[in-house]
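Trainee: I would like a close look at one part of this model, and then at how the rest of the chain is laid out around it.

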Amino acid sequence: MTNSLAAITGASAGIGSVFARKLAAQGYDLLLIARRGDRLEQLAAELERAHQIHVEACTADLSAVEGVDRVAARLAAEPRLDLLVNNAGFGVKGRFWEAPLDKQIEMHRLNIGAILRLTHAALGPMVARGRGAIINVASVAGFTRSPGSVSYCATKAWVNAFTEGIYLDLKSARSPVVVQALCPGFTYSEFHDVAGVDRASIPKSFWMTAEDVVEASLSGLRRRKLFVVPGWRYKLVVALVNRIPVRLRLALEAGAPHNRARLPGRGNPD
Ligand SMILES: NC(=O)c1ccc[n+]([C@@H]2O[C@H](COP(=O)([O-])OP(=O)(O)OC[C@H]3O[C@@H](n4cnc5c(N)ncnc54)[C@H](OP(=O)(O)O)[C@@H]3O)[C@@H](O)[C@H]2O)c1
């Protein structure tokens, strides 16, 4: 019997690499996608040895048209694709008008454009087959706005809205295909190094491991949960921001220490 295939974007580090390890242990064949091909090859070899599965490393820049088109074509043509994890993403730090515009545009191409394109490529065939699942990695930041991280929060709000919309489309078509918006809070990975955010500015109790985040996601997938928010603190944050008056939310968002840390000047730790 042939194994199901799971495709994971951003599998060369952090949350994506943990998805790869956990899905390999479940017996999926894997398609690992990211720019750092050497890391993907290394992980692929390790997982093939450990789990007797087939793992393919696919080097692609998903913020570039060529890269995302190539991966989309591969996904659309893969009849065994049972799970797509749209995980690749990054953040840009700094006030909107001060942070480099080209980086913000690249971030939109990756955090939004690649998810749109790859979900479109994968979903049609999944619906036709009557099986499959897509996990879109959003963020708790998708429910909030943060000074110094405006565009990042907006991209993640889009992921939440998009995934909820797809859920409704699938429901209206009575499709069994499952979608999930995974909304982690602060998670140990390379994310904050890439964004240039000092981890020490964020209280220790708010950090989660990528293992815990991925466990919550896969457990939510088994229960067909649309929104998965790992950790009780973040469940509380999301429940609160969705219920409190806007003026109060804005005051809390403006004062949060991790938000101040994203801004240059004003005595922040950076
Ligand atoms: N860490 C957190 O606190 C946190 C919280 C909430 C949500 N998230 C979300 O979780 C997801 C994974 O982030 P992470 O924390 O695991 O960060 P990470 O450790 O920095 O991993 C990011 C992954 O995305 C890949 N990537 C970046 N740019 C890419 C591009 N242009 N094309 C293809 N792949 C690209 C990277 O691989 P290459 O560099 O090799 O291309 C890497 O594998 C992101 O969507 C992020 O927004 C993270």
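Which residues gather in a patch of positive charge on the surface?

Mentor: This is a predicted model, and everything below should be read with that in mind. The patch of positive charge on the surface is made up of Arg 222, Arg 223, Lys 225 and Lys 235. Take Lys 235 to begin with. Lys 235 sits in helix α8, which covers residues 232-241. Its relative accessibility is 45%, so Lys 235 counts as partly exposed, since that class lies between the limits of 20% and 50%.

Arg 224 is worth a look for its backbone. Arg 224 is not a glycine, yet its phi is positive, at about 55°. The residue is placed in the loop between α7 and β7, the latter being residues 227-228. With 46% relative accessibility, Arg 224 is partly exposed. A positive phi is also found at Arg 174, about 50°, again in a residue that is not a glycine. Arg 174 belongs to the loop between α5 and β6. Its relative accessible area is 77%, and Arg 174 is therefore classed as exposed, the limit being over 50%.

Now the chain as a whole. The chain contains 10 helices and 7 strands. Its radius of gyration is 18 Å, close to the 18 Å that the globule rule gives for 270 residues, so the chain is as compact as a globular protein of that length. The C-alpha trace spans about 60 × 40 × 35 Å along its principal axes. Of the 270 residues, 51% count as buried.

Tyr 167 and Ala 239 are separated by 72 residues in sequence, and their C-alpha atoms lie 20 Å apart. Tyr 167 is part of helix α5, residues 150-172, and is partly exposed at a relative accessible area of 30%. For Gly 196 and Lys 93 the separation along the chain is 103 residues, while the C-alpha to C-alpha distance is 7.0 Å. Gly 196 is in the loop that runs between α6 (191-195) and α7 (210-222). Its relative accessibility of 37% makes Gly 196 partly exposed.

Next, the salt bridges. The count comes to 15 salt bridges. One of them joins the side chains of Arg 39 and Glu 190, with an N to O distance of 2.7 Å. Arg 39 has 30% relative accessibility and counts as partly exposed. Glu 190 is partly exposed as well, with a relative accessible area of 25%.

Other bridges stay within a helix. Glu 66 and Arg 70 meet through their side chains at 2.8 Å, N to O. Both residues lie in helix α3 (residues 65-76), 4 residues apart, which is about one turn of the helix. Glu 66 is exposed at 51% relative accessibility, whereas Arg 70, at 37%, is partly exposed. In helix α4, Glu 106 forms a salt bridge with Lys 103, and the closest N and O atoms are 3.2 Å apart. Because they are 3 residues apart in this helix (residues 101-129), Glu 106 and Lys 103 are separated by about one helical turn. Lys 103 is partly exposed, with a relative accessibility of 36%. There is also a network, in which salt bridges that share partners join Asp 29, Glu 56, Arg 74, Glu 78 and Arg 80.

Finally, a patch of another kind. Phe 96, Trp 97 and Val 150 form a nonpolar patch on the surface, and their accessible area together is about 370 Å². At 45% relative accessibility, Phe 96 counts as partly exposed.

To return to your request: the positive patch consists of Arg 222, Arg 223, Lys 225 and Lys 235, with Lys 235 placed in helix α8.

Definitions and conventions: Residues are numbered from 1 along each chain as its sequence is written. This is a predicted model: local features need pLDDT of at least 70, side-chain atom pairs count only at pLDDT 80 or more; totals for chains, interfaces and linings use all residues. Side-chain values use heavy atoms; hydrogens and water are left out. Patches are made of residues with over 30% relative accessible area and no salt bridge: like charges are joined within 9 Å, nonpolar side chains (Val, Leu, Ile, Met, Phe, Trp, Tyr) within 5 Å. Accessible areas come from the Shrake-Rupley method with a 1.4 Å probe; for residues, only the protein chains shown count as cover. A salt bridge is a side-chain nitrogen of Lys or Arg within 4 Å of a carboxyl oxygen of Asp or Glu. Lys and Arg count as positive and Asp and Glu as negative; His and the chain ends are not counted. The place of a charge is taken as NZ of Lys, CZ of Arg, CG of Asp or CD of Glu. Helices (H or I, at least four residues) and strands (E, at least two) are DSSP runs, numbered from the N terminus. Buried means under 20% relative accessible area, exposed over 50%, partly exposed in between (1.4 Å probe, protein chains only). The radius of gyration is taken over C-alpha atoms; the globule rule is 2.2 Å times the number of residues to the power 0.38.
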